[in-house]
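Please examine the model shown below together with its sequence.

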Amino acid sequence: MPATSANSAAPANDQLLDYVTSCALPTPWAQFTLHAFVEHSTGKEHLAMVLGDIGDGAPVLARVHSECLTGDVLFSQRCDCGAQLEGALQRIAQEGRGILLYLRQEGRGIGLVNKIRAYRLQEAGADTVEANLQLGFHADARNYELCKPMLEQFGVKKLRLMTNNPRKIDALTRLGIEVSDRVPLLVNRNAFNNNYLNTKQAKLGHMMTPPAVPADQAPSPAAAPDVI
Ligand SMILES: [Zn+2]
């Protein structure tokens, strides 16, 4: 099993979570190393997928992905999570270097059953933010404080973060994690999640507009069906 210099040391215990162990994780795009952490306060198991030497001080291509069982595992087209997860892993594989943190905060932090309740409310006309508020939750209950000790485990200090969410960049910056660059991740807009993505842009400030491409370099719609 390939080992990186950053993960062979003894687990770096932190007040928030423990580093436990790792294994090789072959995927269709690259063989990552999968690292397991356990959060003290909840017992939740969080993951990091690492490729290449990420502890050398140079900015690291990174994705901070919050669990979405319906999107990541069950192929839901209600959101863009599954496509973002796959796209992020593909980009890391293309570079041969990067990290994906997989945080177990389902449904923007409200849990799976409550997310399904929220979907039910959306079927009755609420948007994704209104549904969470009707259930008594914040629009976005996610917390990124675990990212800092997880990244410190691998010696990562600067991120080139794959995200459309400026709040995530702000949250990480407040935690003392430097985001040196934002890499847009615009994937899988479809008829089922179009309103959802528009709501995330309008109410949660997500940056969903593709970067401008010179006309002579613009791909045809057929060549880029995932970017609208
Ligand atoms: Zn999702």
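The following paragraphs describe the fold and its packing.

This is a predicted model, in which local features need pLDDT of at least 70 and side-chain atom pairs count only at pLDDT 80 or more, whereas totals for chains, interfaces and linings use all residues. Residues are numbered from 1 along each chain as its sequence is written, and side-chain values use heavy atoms, with hydrogens and water left out.

The sheet comes first. Helices (H or I, at least four residues) and strands (E, at least two) are DSSP runs, numbered from the N terminus. Seven strands make up an open sheet of mixed pairing, in the order 1-2-3-5-4-6-7; two strands pair if DSSP finds at least two bridges between them. Strand 1 and strand 7 (178–183) are the edge strands, each pairing on one side only. From one strand to the next, the twist averages 25°. Axes are lines fitted to C-alpha atoms, for helices over the stretch in contact, and angles run from 0 to 180 degrees between N-to-C directions.

Strand 1 and strand 2 run antiparallel and are joined by nine bridges, with a hairpin of four residues connecting them. S22 has H35 of strand 2 as its bridge partner. Strand 4 and strand 5, by contrast, pair in the parallel sense over five bridges, and S66 has L103 of strand 5 as its bridge partner. Helix 2 (residues 81–95) lies across strands 2, 3, 4, 5, 6 and 7, running at about 160° to strand 4. Contact here means heavy atoms within 4.5 Å.

The nonpolar packing may be considered next. A nonpolar core is a set of buried Ala, Val, Leu, Ile, Met, Phe, Trp, Tyr and Cys residues joined through side-chain atoms within 4.5 Å. Buried means under 20% relative accessible area and exposed over 50%, with partly exposed in between (1.4 Å probe, protein chains only). The largest nonpolar core has 26 residues, of which I99, L101 and L172 touch the most other members. Among the elements that give two or more residues to this core are strand 1 (17–26), strand 5 (98–103) and helix 7 (166–174). Apart from it lies another core, of 16 residues, including F32, M49, L100 and Y102. Leaving aside neighbours within four places in sequence, L101 is in contact with L47, A48, R63, V64, H65, C147, M150 and L151.

Which atoms coordinate the zinc ion? The SG atoms of C68, C79 and C81 do so, at 2.2 Å. Donors are N, O and S atoms within 2.8 Å of the metal (3.2 Å for Na, K and Ca); water is not among the atoms, so sites may look incomplete. The donor residues follow the spacing C-x10-C-x1-C in sequence. C79 is buried, at a relative accessible area of 2%, and C81 is buried at 14%.

Finally, helix 8 (residues 194–204) has Y196, L197, T199, K200 and L204 as its buried residues. Seen down the helix axis, these fall within an arc of 155°, so they line one face of helix 8; the arc is that of the directions from the helix axis to the C-beta atoms. Exposed residues N195 and A202 are carried on the face turned away from the buried side. The cover over the buried residues of helix 8 includes helix 3 (106–109), helix 5 (128–134) and helix 7. Within helix 5 lies N132, which is buried with a relative accessible area of 3%.
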